[in-house]
Amino acid sequence: IFITGSPFNYLPPDSPVEIPVRIVNRSPTNEARNYRLQPRLGTNEKGLQLNLNGAALQYTFLQDVPTTEKGLDLTIIATRNPTSYNYTGIVLDFYSDCELGIYNGDGLARAPLTSSATFDVLFQQYCSPVKFAGALSEDNTFLINLDPFKSTYTLLV
């Protein structure tokens with residue numbers, strides 16, 4: 001599995017991004033195989049929305065992937081969720097369907113042999129983050145003089 005163009009950055013906050021993915025079947029028997037493509041658990045904790053062929057990319061079955069070095073080109077559409085702008089270290093795992101159900105000598109299922117690719121997507125924020133500086137950052141309070149003839153009020157933030 002190959003992803004070109006990462007990091008995908010300086011993207012407008014509400015624009016989807018196309019992530020080009022190339023899948024290559026290097027079967028030693030030169031036959032088309034079925035594969036699985038899925039985001040690795042724990043690598044997309046901020047919830048970047050990933051779609052392939054109009055459906056959420058969760059556990060996608062790819063049927064009869066041909067055995068050529070050219071491979072199969074896919075386009076994943078990514079959109080941000082309403083609370084995050086930066087998504088880093090997202091991993092896609094790609095493995096043969098025949099890897100499922102293989103067991104170790106102790107009878108326990110083993111994890112499938114996978115090929116993986118990592119990418120980052122960074123959207124621009126609507127506004128720059130605002131933070132207190134200097135003494136304001138130490139006690140998180142400041143004074144507002146609401147009326148020059150009255151005493152000063154304290155606003156806790």
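**Exercise 1. Work out which strand order the open five-stranded sheet has, and which strands form its edges.**

Solution. Step one: the open sheet of five strands reads β2-β10-β9-β4-β7, with mixed pairing. Strands here are DSSP runs of E, at least two residues, numbered from the N terminus, and two of them pair if DSSP finds at least two bridges between them. Step two: β2 (8-11) and β7 (60-65) are the edge strands, each pairing on one side only. Step three: strand β4 (residues 33-39) runs antiparallel to β7, and four bridges join them. Within β7, Phe61 is the bridge partner of Arg36.

A note on the source: this is a predicted model, where local features need pLDDT of at least 70, side-chain atom pairs count only at pLDDT 80 or more, and totals for chains, interfaces and linings use all residues. Residues are numbered from 1 along each chain as its sequence is written, and side-chain values use heavy atoms, with hydrogens and water left out.

**Exercise 2. Classify the ring pair of Tyr35 and Phe94, and say which strands it ties together.**

Solution. Step one: the whole structure holds three aromatic pairs (ring centres of Phe, Tyr or the six-membered ring of Trp within 6.5 Å; planes under 30 degrees apart are stacked, over 60 edge-to-face, the rest tilted). Step two: the centres of Tyr35 and Phe94 are 4.4 Å apart and their planes are at 20°, so this pair is stacked. Step three: Tyr35 belongs to β4 and Phe94 to β9 (residues 86-96), so the pair ties together parts 59 residues apart in sequence.
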